[in-house]
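Hello,

My notes on what was found follow it.

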Amino acid sequence: MNDIPQIFKRKDFDPYQGKVFKIATYQGDKILSSQEVNITSKEQLNTVLEDITQFNTAQEELLKSGYTQKSILVKKLITE
C-alpha cells in the first residue's frame, strides 16, 4: 500500500496577536496618563495607530492656532 503524504495547512501567524502595548499621553516630558491595550490583530494595531495620529494632528493644529508648546498633549504607543 502506498502512503499518501498528508498536507497540513499551517495557521496564519499573526505576530501582533496577544501583544500588550501602552498608550501614553504626554504634556512636554511629563506623562499625564497611560493605558494598556491588548492588540489582537494587525488591523487593530493600525486602528490604534490611526487614532493616535489623529489626536496628535489635532494637537498640532492647536499649536498652529496660538497655543503654547507646554499646553499641547502628545500620545505615543509604547512597546515593551
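A nonpolar core here is a set of buried Ala, Val, Leu, Ile, Met, Phe, Trp, Tyr and Cys residues joined through side-chain atoms within 4.5 Å. Please keep in mind that this is a predicted model.

By that definition, the largest nonpolar core has 7 residues: Phe21, Ile23, Val37, Ile39, Leu45, Val48 and Ile52. Two or more residues of this core come from each of β1, β2 and α1. The most are given by α1, with 3 residues. As background, nonpolar side chains tend to be buried together in soluble globular proteins.

Next, the helix. α1 covers residues 42-64, 23 residues in total. From first C-alpha to last it reaches 33 Å, close to the 33 Å expected at 1.5 Å a residue. The buried residues in α1 are Leu45, Val48, Ile52, Asn56 and Gln59. Their cover includes β1 (19-27), β2 (30-39) and β3 (73-79).

Val48 shows some of this packing in detail. Setting aside neighbours within four places in sequence, Val48 is in contact with Ile23, Val37, Ile39 and Leu77.

Last, the end of the helix. Ser65 lies in the loop between α1 and β3. Is Ser65 buried or exposed? Ser65 counts as exposed because its relative accessible area is 54%, and the cut-off for exposed is over 50%. The side chain of Ser65 also reaches the backbone oxygen of Leu62, at 2.9 Å. Just after α1, Gly66 takes a positive phi of about 120°.

Regards

Note on methods: Residues numbered from 1 in each chain as written. Predicted model: local features only at pLDDT ≥ 70, side-chain atom pairs only at ≥ 80, totals over all residues. Heavy atoms only, no water. Helix = DSSP H or I, 4+ residues; strand = E, 2+ residues; numbered from the N terminus. Expected span 1.5 Å × (residues − 1). Buried < 20%, exposed > 50% of the residue type's maximum accessible area, 1.4 Å probe, protein only. Contact = heavy atoms within 4.5 Å. Polar contact = N/O pair within 3.5 Å; in protein donor to acceptor, adjacent residues only side chain to side chain.
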